[in-house]
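Have the sequence and the structure open side by side while reading. The paragraphs below go from the whole chain to its parts.

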Amino acid sequence: QARAYIRGRAVSARPGERLAIVLDIDETVLSNLPHMRAHDFGYIPPLFEEWVKTAKAPAIAPVREVYREARAAGVAVLFLTGRQAPGETAATAENLRTEGMGDYAALVLKPADAPRGQTALERKTAQRAAWVAEGWTIIATIG
């Protein structure tokens, strides 16, 4: 359904309209299941950071197809994740590239100086608003 929607929305774009989709990363376009299985589904932040830095999370194929549909239709992809900048930025970009999702307009990770107590919802909502203020028309958010 997402692919059909993106294709249809791209066809009906107004001249000059900058269409984009926003994708989360973990458990949306990349799977951490190998790491989770290795740690009995527990979450230990330093071990998760080590995993991220391996850049070996496999793509979640159906969502990668949504990504591909967007790019084929000329719709930009904006990645927005809770992964930590700057330490996880390079590995995240490498992982996306090796999994066939390296063509994107933005990759935004949680900044090291994120306000204490700010929720992911607040941070991600503010980032999407900033993108809209920059002229993007966000047609879908997944994850």
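What follows describes a predicted model, starting with the overall fold and ending with single residues.

The protein chain contains 6 helices and 4 strands. Read from the N terminus, the elements come in the order α-β-α-α-α-β-α-β-α-β. The radius of gyration is 16 Å, close to the 15 Å that the globule rule gives for 143 residues, so the chain is as compact as a globular protein of that length. The C-alpha trace spans about 50 × 35 × 25 Å along its principal axes.

Several totals describe the chain as a whole. Of its 143 residues, 39% are buried, where buried means a relative accessible area under 20%.

Now turn to the helices. Which residues of helix 1 are buried? Helix 1 covers residues 2–11, and its buried residues are I6, R9 and A10. These residues cover an arc of only 100 degrees around the axis, which puts them on the same side of helix 1.

Next come some residues in the strands. R18 is part of strand 1, and its relative accessible area of 35% makes R18 partly exposed. Where does the chain come back to R18? Leaving out residues up to four places away in sequence, R18 touches E134, G135, W136 and T137. One of these, T137, is 119 residues from R18 along the chain, yet the two C-alpha atoms are separated by 5.7 Å.

K110 belongs to strand 3. With a relative accessibility of 28%, K110 counts as partly exposed. Apart from neighbours within four places in sequence, K110 is in contact with T81, G82, R83, Q84, A85 and R123. K124 is 14 residues from K110 along the chain, and the C-alpha atoms of K110 and K124 are separated by 9.1 Å.

As background, most residues other than glycine have a negative phi, and most peptide bonds are trans. Where is there a cis peptide bond? The bond from A85 to P86 is cis, with omega near -5 degrees. P86 sits in the loop between strand 2 and helix 5, and A85 is among the residues that K110 contacts.

Two residues in loops have a positive phi without being glycine. The phi of E27 is about 65 degrees, and E27 lies in the loop between strand 1 and helix 2. The phi of A55 is near 55 degrees, and A55 is placed in the loop between helix 3 and helix 4. Are these residues buried or partly exposed? E27 counts as partly exposed at 41% relative accessibility, whereas A55 is buried with a relative accessible area of 8%.

The last stop is T28, in the loop between strand 1 and helix 2 (33–38). T28 has a relative accessible area of 8%, so T28 is buried. Which residues does T28 touch, not counting those up to four places away in sequence? They are I60, V63, I142 and G143.

How values were computed. Residues numbered from 1 in each chain as written. Predicted model: local features only at pLDDT ≥ 70, side-chain atom pairs only at ≥ 80, totals over all residues. Heavy atoms only, no water. Rg over C-alpha atoms; globule rule 2.2 N^0.38 Å. Buried < 20%, exposed > 50% of the residue type's maximum accessible area, 1.4 Å probe, protein only. Arc of directions from axis to C-beta. Contact = heavy atoms within 4.5 Å.
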